[in-house]
Each structure stands twice: as C-alpha cells, then as structure tokens.
Amino acid sequence: MIDVKGVHKSFGDLEVLKGIDLDVPAGAVTVILGPSGSGKSTLLRSINHLEKVDRGLVRIDGELIGYKRRGNKLHELREREILRQRSQVGFVFQTFNLFGHLTVLQNVVEAPVSAQGRKRSEVEPYARELLERVGVGDKADVYPRQLSGGQQQRVAIARALALKPKVLLFDEPTSALDPELVGEVLDVIKELARDGATMVVVTHEIGFAREIADTVVFIDGGRIVESGPPREVLDNPVHERTRAFISKVL
Amino acid sequence: MFVHGLATNPGWDWPTFFQFFATRTIFSALWVTVQLTVYGTVLGFVLGAVLASMRLSSSPFLQVVAWGYIWAFRSIPLIVQLLFWFNIAYLYKELSIGVPFGPEFVHFSTNNLFGPLGAAVLGLALHQAAYAAEIIRGGIISVDAGQLEAAAALGIPRIRQFFRIVLPQAMRSILPNGANEVISLFKGTSIVSVMAIPELFYQVQVIYGRNSRVVPLLMVATVWYIVLTTLLSIVQYYVERRFARGTAR
C-alpha cells in the first residue's frame with residue numbers, strides 16, 4: 001500500500017534521511033522507533049508530501065505522491081493535486097492541531113466537505129458516528145479547548161478518519177499527553193488496527209508497538225538500522241544501537 | 001474643581017454650544033467625517049490585506065514591492081501626502097492608461113479625476129493601508145503554524161485554508177489593533193481640514209472664524225468625536241466577542 005524507495009532529505013547541510021526503503025502492505029501496521037533526531041518524523045511527513053524529498057519516491061496504492069513522471073523526469077505536482085492526494089491520507093499530529101475556533105463537529109466535517117466535495121448532510125451523521133466510535137460522541141458541539149488532551153487527540157483521529165483515508169499516519173500521537181491519558185488514545189489506535197486499517201505509527205511506546213505492530217522499524221541517523229516483527233526487533237535485536245535504544249526506553 | 005468650572009465658568013459658553021451642537025451644518029460635516037472614515041478604513045484594510053499577503057508570499061518580488069510600499073507610506077507624514085494628492089494636478093495635468101509610446105486607452109485630466117474629497121479618501125486610504133498591512137500580517141503570523149499544517153495535511157484547498165482556518169484566528173489579534181486604527185483614522189480625518197474639505201473640524205473652524213466663539217465650537221467637535229468613538233468601541237466589543245469563540249480568554 002505504501003511504498004517508499006530510496007528517500008533522501010536534507011535540511012541545509014544536515015542530511016536527515018539517507019536513503020530509506022519501506023514497504024507497508026495493505027492492512028498492516030508499521031511502527032517506527034528511533035531516538036529523537038533520527039529522522040522518523042521527517043520520514044512520516046514525507047509520505048504525504050508535507051516534507052518534499054530530495055531524492056527517492058513515495059507511492060501510495062501505486063500512485064506517485066507529490067510528483068508525476070513525464071518521460072524520464074519527475075515534476076512536482078500542482079498544489080491542488082498535492083492537496084487531493086493528501087486528502088486520501090489521514091495524518092495525526094503530536095500536538096493534535098485541532099482548529100481552535102471551530103467546534104469538535106466542525107473540525108471533523110471541514111475537510112470531507114471542502115477537500116473532497118462531499119455533502120455536509122451526508123458527512124455530518126458520519127462525523128457523529130466517528131466521534132461516537134472514538135468515545136467523544138457527547139462532545140460534538142464544544143470547542144477543542146474545553147477537552148482534555150486525550151479527548152482532543154481522539155477528535156483529531158476522528159477528523160483524520162472522516163476523509164476515509166487509504167492509510168493513516170500517526171506522528172507520536174501520545175507524546176504530548178499526560179501519562180494517565182495515553183491509554184485512551186492507544187486504545188482507539190489499537191481498535192483501528194484490529195479493523196484492518198493500514199497505518200504507520202511513530203511512537204516511543206514500546207509496549208504498544210509490541211502489541212499492535214506487524215513490523216517494527218528502528219531508525220537511527222537517517223537510516224533503517226533494522227526492521228522485522230516485534231518479536232525479533234524488540235526482543236532479540238541484532239544491532240547494538242537497537243539494543244541500546246530499547247534498553248533505554250524500557 | 002474642573003467639573004464645577006465646566007458648569008459655572010462663563011468661558012465655556014454652553015448656550016452657544018447647544019445652539020450649534022445639533023445643527024444641520026454640523027450634521028452634514030459629521031457625515032463627511034464618517035464617510036472619510038468608512039472609505040478610508042475599507043479601502044485601507046482591503047489594500048492592507050493585499051499588501052500583507054504579498055509580504056507573506058513566497059515571491060521575493062512581491063515581498064519587496066509590499067515592503068517598499070509600507071516603508072514609503074509610513075515615512076511620509078500624512079499631511080504632506082494629503083497636500084500632495086490635493087495638488088497632483090500641478091505635477092501631472094493628465095493621466096492616461098495605455099501602452100508606453102503606443103495607443104492610449106483611457107485618458108483623464110487629473111483635475112477631474114478626484115475632487116478634494118476623492119483626494120482625501122485616496123490619501124487616507126493609502127496611508128492607512130501601510131499600517132493595516134502590518135497589523136494584518138502580525139495577526140496572521142501569530143496563528144500557530146500547526147493550524148496551517150493540519151489544514152494542508154487534510155487537503156483543504158489553499159484559499160479555504162486562509163479564510164476558514166487562519167484568518168478567523170488571526171482576527172483575534174488583528175481586531176484590537178485594527179479598532180485602534182479605525183478610531184485614530186476617525187479623529188485623524190480632522191487633518192483633512194487643510195484641504196478645505198467640509199468635515200467636522202473644518203466646519204467648526206469656519207463657524208468660530210465667523211463668530212469668534214472658539215471654545216464652545218471646539219467642544220461641539222470634541223463631544224461628537226467622543227460620541228462616535230464610544231459607538232466604535234461598543235462595536236469593537238461585540239465583534240471581538242464573536243471572534244473569541246473557542247478561546248479561554
């Protein structure tokens with residue numbers, strides 16, 4: 001479903017991604033682990049072209065993301081096309097980024113209507129259903145600030161789901177939460193995984209990774225150090241760096 | 001003491017004040033002042049919004065043009081600029097739109113192009129735009145970058161990102177400064193009296209020039225300025241309340 005090939009990315013002189021290959025089959029959950037500054041967020045952001053890559057390709061469901069091929073050359077797509085592609089990818093941010101001046105329901109309804117041209121009358125019941133599903137059905141008409149961090153993040157997940165995306169990307173979805181609120185957000189993500197959503201999750205929660213991941217990818221210094229099923233990568237890491245990281249986080 | 005003096009000191013000459021306070025001349029002068037304020041505000045803020053978006057655009061050319069405009073119009077005193085527009089016919093007798101050294105499409109004489117009122121509105125609006133641009137730009141950059149990023153990640157169209165997501169939140173910090181500008185423009189219209197435009201302050205000067213009752217007539221203008229500024233402040237309160245939805249303070 002998601003196919004990343006030879007992706008390089010630099011910020012000025014700093015090379016953050018040094019050739020990343022990643023393959024996420026449909027319905028699979030991939031968890032990306034790595035120390036801060038290892039490039040894992042940048043990788044996630046380049047999957048929906050929030051970050052332009054310098055070299056390499058990203059494909060979702062066979063469609064080249066952010067570029068089109070003309071002859072032998074790649075041309076960046078027009079903004080309108082890029083936005084259309086993004087509306088097929090759900091992205092959940094570390095800091096939620098809910099629209100503070102809109103109610104919870106308006107937050108969820110906004111993109112399906114304005115980005116996908118769906119009818120408000122059709123989207124609204126679906127949005128309420130999603131809010132119900134993530135456990136904030138009674139909060140549809142309040143503003144984000146009136147919610148706890150965990151509730152806000154669950155609304156953000158509902159907002160991403162409302163686009164009926166092909167894939168879901170989570171960028172450290174629990175890192176900004178108080179410890180006692182982490183569980184409720186992880187539960188929602190786990191349930192999505194059980195329902196067969198294709199997901200890539202950047203996280204520091206090793207236990208959670210063990211529970212939901214089909215594949216764990218460990219990144220350090222802009223390269224994939226090792227990847228495989230959680231049993232291998234988390235319990236019997238081959239590389240010294242992976243071992244050091246896991247012993248530190250656990 | 002001061003309040004007591006207001007009531008008893010014959011110098012304030014309240015009978016004259018009441019004689020002129022609600023006369024036809026004053027009302028029509030007030031109307032000119034209000035018109036100058038409204039046109040100056042609307043044109044100034046529209047042009048200001050354009051300038052702000054130019055400064056925030058990724059095009060270096062647009063950035064430099066907008067920066068240059070703001071630099072120029074903040075550097076020139078308003079009164080100088082107004083006198084310049086008033087006297088533009090002295091510099092350029094005719095204006096035309098067309099191809100340089102080629103055919104002309106539209107052609108007008110600068111004397112007819114804008115009367116004194118038009119020149120005043122133009123001057124106020126151009127001046128106001130430079131300040132409005134910076135206020136609007138300040139409001140926009142005060143909105144958390146995550147908001148725009150989330151909108152982009154959701155695939156919301158560019159124009160809608162601006163009008164639905166960024167601008168309403170930018171309004172929170174644009175409004176108090178913007179209201180300041182409108183109020184100072186409203187009183188600033190008195191500067192237009194140098195162009196002999198019959199706005200409130202000019203008309204008051206004309207009257208006390210005739211009857212020498214300077215203080216009561218200045219009080220007529222003062223009280224009207226206070227009344228309308230109060231109205232504007234009330235409007236500001238309600239507009240701000242509307243844009244404060246979803247915020248803690």
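This is a predicted model: local features need pLDDT of at least 70, side-chain atom pairs count only at pLDDT 80 or more; totals for chains, interfaces and linings use all residues.
Which two strands of chain A form a hairpin, and which residue in the turn has a positive phi?

Residues are numbered from 1 along each chain as its sequence is written, chains are lettered from A and ligands numbered from 1 in the order in which they are written, and side-chain values use heavy atoms, with hydrogens and water left out.

Now the hairpin. Strand 6 and strand 7 of chain A form it, with two residues between them. A:Gly71 sits in the turn, with a positive phi of about 65°. Strands here are DSSP runs of E, at least two residues; helices are runs of H or I, at least four; both are numbered from the N terminus. Strand 6 covers residues 67-70 and strand 7 covers residues 73-76. They pair in the antiparallel sense over four bridges. Pairing requires at least two DSSP bridges between the strands. A:Arg70 stands opposite A:Lys73.

Next, the sheet. Four strands of chain A form an open, antiparallel sheet in the order 2-1-4-5. Its edges are strand 2 (14-24) and strand 5 (63-64), each pairing on one side only. Strand 1, residues 2-11, pairs with strand 2 over eight bridges. There, A:Phe11 stands opposite A:Leu14.

Now to the two chains. In chain A, 26 residues are in contact with 23 residues of chain B; contact means heavy atoms within 4.5 Å. The chains bury about 2100 Å² between them, 56% of it on carbon and sulfur atoms. Buried area is the accessible area (1.4 Å probe) that two parts lose on being put together, summed over both. In chain A, A:Leu83, A:Phe99 and A:His101 lose the most area to chain B, together 27% of what that side buries.

What about charges? The rule finds four salt bridges across this interface. A salt bridge puts a side-chain nitrogen of Lys or Arg within 4 Å of a carboxyl oxygen of Asp or Glu. A:Glu110 and B:Arg160 meet in a salt bridge at 2.7 Å, N to O. Helix 2 (79-86), strand 8 (89-92) and helix 3 (104-114) of chain A each supply at least two residues to the side touching chain B. Helix 3 gives the most, with four residues.
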